[in-house]
Structures are given as structure tokens and as C-alpha cells.
Amino acid sequence: MPVPPVLRLLGTLVLGLALAACEQTETPRFTTAEPGEQLSGGSATVSKADQNAYSLPSANLSPSRRLDFSVGNSFFRNPWVIAPASTDARDGLGPLFNTNACQNCHIKDGRGHPPGSATDNAVSSLVRLSIPAQPGQAHLLERQGLIAEPVYGGQLQDMAIPGAAPEGKLRVSYTTERVPLKDGTVVELQKPELQISQLGYGALHPHTLFSLRVAPPMIGLGLLEAIPEAALLANADPDDTDGDGISGRANLVWDHASQSTRLGRFGWKAGQPSLNQQNADAFFNDMGLSTTLIAGSSCSAAQAECLDLPHGGAPEVSEHILAQVLFYTRNLAVPARRQVDDPQVLKGKGLFHQAGCQACHTPKFTTAAQAAEPELANQLIRPYSDLLLHDMGDGLADNRPEFQASGREWRTPPLWGIGLTETVNGHTRFLHDGRARNLLEAILWHGGEAEGARQAVMAFDAEQRAALLAFLDSL
């Protein structure tokens, strides 16, 4: 239905007033860094800023606990093999999978990237699948969060062991959009277009929903898990009762361990309630490996030949190995911030607040006294995330719901360590699908609840943008 001219005019006036308010708001002044501000992960923070900056144990781990960390690292890093094998502690890979080792997706425990060309391997990215729910499927949504594609399941697995066909091949191309900033600078944004070919098990459901995802960095996950639930929920404002345009929501998801609904914290849509379940889900969907938490096979009932192939026992990942990987992933340290007293960084921090970015990217929390590991307890941390869901607008929408998250909502990603992405991973691809080639592009993709912040940044001059990016690079 066409929008009446009077409503279009009203909308233009409201946006103009909002932009004027952004322009007139005085920039918060930060003349010095806060005490301890460089310690993003509290006393667990590490000082390395080289290509191994994401792969270090929490600084407050004892020598004996560092040995446990190294054991977990070996299971995270080394490949799993096809069953049966002489290395029966690591066999059972597949039959369908995306990779044979955790480290292949989380390269150097860091950030994945989309395929860079038609021949590039998609190993650090993947595609989630589902179909729209139908009446009478509420009980499935409560425990699964979505309705999986009937043949291919909830994730396209593009590799397979001998005797099975990979589910398909992923390629990504891009369309472009030019965004003019207030000072005349034009930024070109890239929007990904998926191509899935060589389908191994017939056509996809005609109403299949797709979501391209890249692997997120692994740092600080144990600290995020240790934030008290009440502290996260205190920032939720689903009905925007304070009228600030920000309505963060908690994703309520199924917890396999307790067989109950709990607060989601992990994953691009906060679809996992605990780090252990996040790990078990990755073993199952990314490598085709069962655990006591998620049993069975990732092959669907429609993939009979896949189900008939050898497996590595039940479970394929023992409780001991799962626990060692959990300890490792809980204790991957956050690197310290750099140049926290630099005048340009401090100016950028003020602009970050002036634009309203901190409304979702909550600067700090204190972890619980009764954390899962003593080293993670009572830490003042600075993740720059509220771990809540926010409507990010049509531009970033994947239109694929997950538990309480709509097709336009995403969990606020933590920003700590983001300035070392290129140093560690050799690229600066950001957002859930890696479409942004740098941090400014990532900001310009923000919409929905973040539209005001986006407009504020678009109004900055070149010096202000440089300061804002210097602040983000310091994190």
C-alpha cells in the first residue's frame, strides 16, 4: 500500500530532528583511561598482541591448570579421523561434516571468513538451513528452536567420508551498494548472494531458509558464561519502556543438560545456553561427532546410505574429551587493550558513546562469584556486548528465526580483541556472514535499533571517523 504523502513528510521531519539531535549532542569527554581499562578480561587478560594473541591461556591459570589447557588445545587442534581407526579416541568423523578439526573453522582461535573466490574452500563458513514452522509444531520449536530442512537438516555439510555424498557446495558472490556520508565520502558495501550447487540428496525444500555464518573468535567465552543472568536481563527492554529506541531481548533456548529453557548466550543469535552445549553442537553439526549431550547422527532419516556407514561408537566424543575441550574454550584469554591513553583513542571513545553504540555494546560487567572456574570469578570485564538480541534491520536480516530470535535479530557480538583480527587472521571481515571488509563497513550495515547510531557515524567528518576506528582498533 503506498505511503500517504503526509506520512512521508512526517517521517522525513522525524529523521531530520533525530539527525539534528545527534549533531548537537556534545561529545562525552574522556581525558584519561579508566583504572584497569586495558585489562579487558580482568586478571585473566594476557599482554600478547601478535598472531598468537587469541590462543593463550588465562593469565591467572596455575601451572598445573595450564597443562589441562594444553590437553584441551590438542583435542581442539588435531584432526578427527574416519572410523574404524587405530586412534579410536579420535575416530568417528562424519559421515557428513564441514571440517575435521575445530581449529580449521576457528583459525588460530579467531574469526572465520566467507569464501573469497569461486575456488576458495568454505571451511571457516557454513550455511544454516530451516523451513518455516507450521501450526502444531510448537513442541518442536521449544526444543529445537527451528524446523530443520527435511532432508538436509539444520546445516549444509559440504564434505563427506568415502561412501557418502557431500550435501552440496557453497559459493558466495556479491552485489554492491554505495553509501554517501555527510562529508561526501562514498563507501561501497557488499551484500552476499549464496549459491548452493551439487546437491547430493535431491532438491531442497521449496521454502528453505538460508543463513550464511562465519566462525566467531573464541576468546573470553568462559568469562561471558560467568556473567550473572540477572546482570544480562537487567539490560533487556523488549517493549522499549524507556523510549530510547533500543529493545534488547533475551533469547530463551533449550538446554539439553537440564532439560529446560534457559537464557541463550552463545552463537550469532544466542541460540546456545552454555559453552558445553555450544561445543557439543559444533562436534555434532560441524564434524558429525556424537556426545552424551547430543547423541545420534547428523545424517537425516532421508539419507539412508549415510546412516549405514561406520561410526565411532556412542558417544564418539567421550565425556573426558568433551570436558577437556570445555576447559580449553573457557580459558582462552582476552588480549589486553592497546593505547588506551592515546588522545585519538580517547576521542574515539567519546564518539562511540555520542553515537549511542554503548546502548547495545555494553562496556563492562562483573562476573559471578560462583563461576564455573575459579579463575573466571569476580572479574571486572569489558566485552562491549550485552549478549542480547537486537533488531538490526532489513539489511542484515537473514529472515530465519531461531528460538525467540526473529529473522531480523542478532546477538550483540563482543568487541574485545577486535582490533587484532588482521594480526591474527590476516583479514578484516566482520558481521555474521563476513560481508563487511572493515569496521566502517560493519557500522554502515547497522539498521533497525542501531539506525540512530549509524546515522550519527555517517554524519562524522573524516577526523572523527578516524578517531572512532582508532578506539575500536584499541579494543
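## Glu409 and its partner

Glutamate 409 counts as buried in this predicted model, since its relative accessibility is 6%. Its side chain meets that of arginine 249 in a salt bridge, 2.6 Å from N to O. Arginine 249 sits in the loop between helix H6 (229–233) and strand S7 (252–255), while glutamate 409 belongs to strand S12 (residues 409–411), so this pair ties together parts that are 160 residues apart in sequence. Arginine 249 itself is partly exposed, at 24% relative accessible area.

Now for glutamate 373, which is buried at 10% relative accessibility. Arginine 65 is in helix H2 (residues 63–77) and glutamate 373 in the loop between strand S9 (365–366) and strand S10 (380–381), so the bridge ties together parts that are 308 residues apart in sequence.

Glutamate 373 also forms a salt bridge with arginine 330, the closest N and O atoms being 3.5 Å apart. Here the partner lies in helix H9 (residues 319–330), so the pair connects parts that are 43 residues apart in sequence. Arginine 330 is buried too, at 14% relative accessibility.

Overall, the count is 23 salt bridges. Shared partners join Glu34, Glu37, Arg337, Lys349, Lys364 and Arg382 into one network.

How values were computed: Residues numbered from 1 in each chain as written. Predicted model: local features only at pLDDT ≥ 70, side-chain atom pairs only at ≥ 80, totals over all residues. Heavy atoms only, no water. Salt bridge = Lys/Arg side-chain N within 4 Å of Asp/Glu carboxyl O. Helix = DSSP H or I, 4+ residues; strand = E, 2+ residues; numbered from the N terminus. Buried < 20%, exposed > 50% of the residue type's maximum accessible area, 1.4 Å probe, protein only.
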